[in-house]
Amino acid sequence: MDWNDLRYLLAVHEGGSLASAARKLRVDAATVGRRLTALERAVGVRLLEKAPGGMRLTAAGEQAVDAARHIDDTATTLERQLAGADVQVSGSVRITAPETVVSHVLAPHLPDWRERHPALRLELLAATQVLNLSRREADLAVRLFRPQEPALTARKLGDLSFALYGSKAYVRKHGRPKLEALREHVLLGYDDSLSQTPEQQWLERAGNGALFALRSNSRYVLLEAARKGLGLTVLPCYLADGVPDLVRLSPVDALPTREAWLVVHPDLQHAARVRAAIELLVDAFQREAPRLRGERP
């Protein structure tokens, strides 16, 4: 048996189909099918069977998946530990962070980072979902909440202030809004995937039944809609301050403050390239601290 074929079985089980496994493993579905056929021939038993909506494990398949998970976990742990043992500030570091943090907090410092560590290659992933650091989906993460996973190490990077924003044209037409009377205004909010964020919760309470003309999972979409006069929305100050036609319509202490946390797996935090990337992130947040807190220039 080729032990590598167990990866294909595990991917099909987790994704439910050959197509989803192919996307995860970055191969085509035909390759997945061939590897599964080879695995079943090698062990002499059926591992998968067709079911409504996808593929289903047989009893033997369930045993094989349990073994595949164990092997995959062991290999991932070994890879992470070996990666954490390097001593050269070179190679690749994958960093995941919210899109606006990547573009407005980290990206402006890339030339300086390149000058300080020319052999270090950074991958900046603007992700809306939380990537799994234990599975090496990323080496470092910037999250806007304190992580609860006991296996990870976290360090606070700073505070992020939010405020209510609208366009100058909207204010001229509807007047400057009173925070206790937002129900009289048109609001732009976040969709279900971000409904539990402090900024959306505040907007729901302050709106108290107001019309939401637009909901989106993108702060850029909400910013542009507000800039065009569609309605009022809550945005991070570092993103909205200074945007032409936008006006800050609330004090920052009227809204909840978010915390930015740097998260890393302990097996990686002592690697030279990861330590260097951590220093770069900490430095960027320190330099941007006044803007992140919404302090006026």
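Predicted model: local features only at pLDDT ≥ 70, side-chain atom pairs only at ≥ 80, totals over all residues.
A salt bridge here is a side-chain nitrogen of Lys or Arg within 4 Å of a carboxyl oxygen of Asp or Glu.

**Within helix 11**
- Glu288 and Arg291 both sit in helix 11, 3 residues apart, or about one turn of the helix.
- Glu288 has a relative accessible area of 11%, so it counts as buried, while Arg291 is partly exposed at 30%.

**Between helices 11 and 6**
- Arg287 pairs up with Asp112 in a salt bridge, at 3.5 Å from N to O.
- This one ties together distant parts of the chain: Arg287 is in helix 11 (residues 272–292) and Asp112 is in helix 6 (residues 110–116), 175 residues apart.
- Both partners are partly exposed, Arg287 at 47% relative accessible area and Asp112 at 24%.
- Arg287 and Asp112 also belong to a salt-bridge network that takes in Arg116 and Asp283.

**Between strands 3 and 4**
- Arg94 makes a salt bridge with Glu123, and their closest N and O atoms are 3.1 Å apart.
- Here too distant parts of the chain are linked, with Arg94 in strand 3 (residues 91–97) and Glu123 in strand 4 (residues 120–126), 29 residues apart.
- Arg94 is partly exposed at 27% relative accessibility, and Glu123 is partly exposed at 31%.

**Helix 1 and its end**
- Helix 1 covers residues 5–15, and its buried residues include Leu6, Tyr8, Leu9 and Val12.
- Just past helix 1, Gly16 adopts a positive phi of about 90°.

Conventions
Residues numbered from 1 in each chain as written. Heavy atoms only, no water. Buried < 20%, exposed > 50% of the residue type's maximum accessible area, 1.4 Å probe, protein only. Helix = DSSP H or I, 4+ residues; strand = E, 2+ residues; numbered from the N terminus.
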